[in-house]
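Below is a walk through a predicted model. Please keep the sequence and the structure in view while reading.

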Amino acid sequence: MAYVIIAVAFGIAGGIVGKLKGSSFLLWFLISAVVPFLGLVAAFAYRFERDELRRECPRCGKVTKIYDALCTRCGMEFDFPEVAIAPESWQRVPAPDSLPASRHT
Ligand SMILES: [Zn+2]
């Protein structure tokens, strides 16, 4: 019985973390409830994954993480990228002019 309470608690925590990252609450609730500790860790790791800079494969156009040395789709080797793509998480940050003004002058 205690395990069920723990599983639900982790499920809710994982679900909230997943939701905050723009993913599905239900998805992360289930993952965290089934594998309580690992699910919660995965929910946090998912956030960091989304914060990584990305790059586009020059051959096939697949978007990969900037630290990848090989394209996972076509196998092309990458040089250090000249152009990075903003992390997925940046796309949900509001534009500066939509924030409340903080200057008084
Ligand atoms: Zn490729």
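Start with Cys-60, which has 28% relative accessibility and therefore counts as partly exposed, since buried means under 20% and exposed over 50%. Cys-71, in contrast, has a relative accessibility of 4%, so this residue counts as buried.

Both cysteines belong to the zinc site. The zinc ion takes its protein donors from the SG atoms of Cys-57, Cys-60, Cys-71 and Cys-74, which lie 2.2 to 2.3 Å from the ion. The angles among the four donor atoms run from 105 to 116°, and the site is tetrahedral. Along the sequence, the donor residues follow the spacing C-x2-C-x10-C-x2-C. Within this set, Cys-60 and Cys-71 link distant parts of the chain, eleven residues apart. Cys-60 sits in the loop between strand 1 (54–56) and strand 2 (63–65), while Cys-71 sits in the segment after strand 2.

Now turn to helix 2, which spans residues 25–34. Ser-24 caps the N-terminal end of this helix, with a side-chain oxygen 3.3 Å from the backbone nitrogen of Leu-26.

Which residues of helix 2 are buried? They are Trp-28, Ser-32 and Ala-33. These residues cover an arc of only 130° around the axis, and therefore lie on the same side of helix 2. Leu-26 and Val-34 are exposed on the other side of the helix.

Definitions and conventions
Residues are numbered from 1 along each chain as its sequence is written. This is a predicted model: local features need pLDDT of at least 70, side-chain atom pairs count only at pLDDT 80 or more; totals for chains, interfaces and linings use all residues. Side-chain values use heavy atoms; hydrogens and water are left out. Donors are N, O and S atoms within 2.8 Å of the metal (3.2 Å for Na, K and Ca); water is not among the atoms, so sites may look incomplete. Four donors count as tetrahedral if all angles lie between 85 and 135 degrees; four count as square planar and six as octahedral if opposite donors are over 155 degrees apart and all others between 65 and 115; anything else is irregular. Helices (H or I, at least four residues) and strands (E, at least two) are DSSP runs, numbered from the N terminus. Buried means under 20% relative accessible area, exposed over 50%, partly exposed in between (1.4 Å probe, protein chains only). The arc is that of the directions from the helix axis to the C-beta atoms. A polar contact is a pair of N or O atoms within 3.5 Å; within protein, one must be able to donate a hydrogen and the other to accept it, and residues adjacent in sequence count only if both atoms are side-chain atoms.
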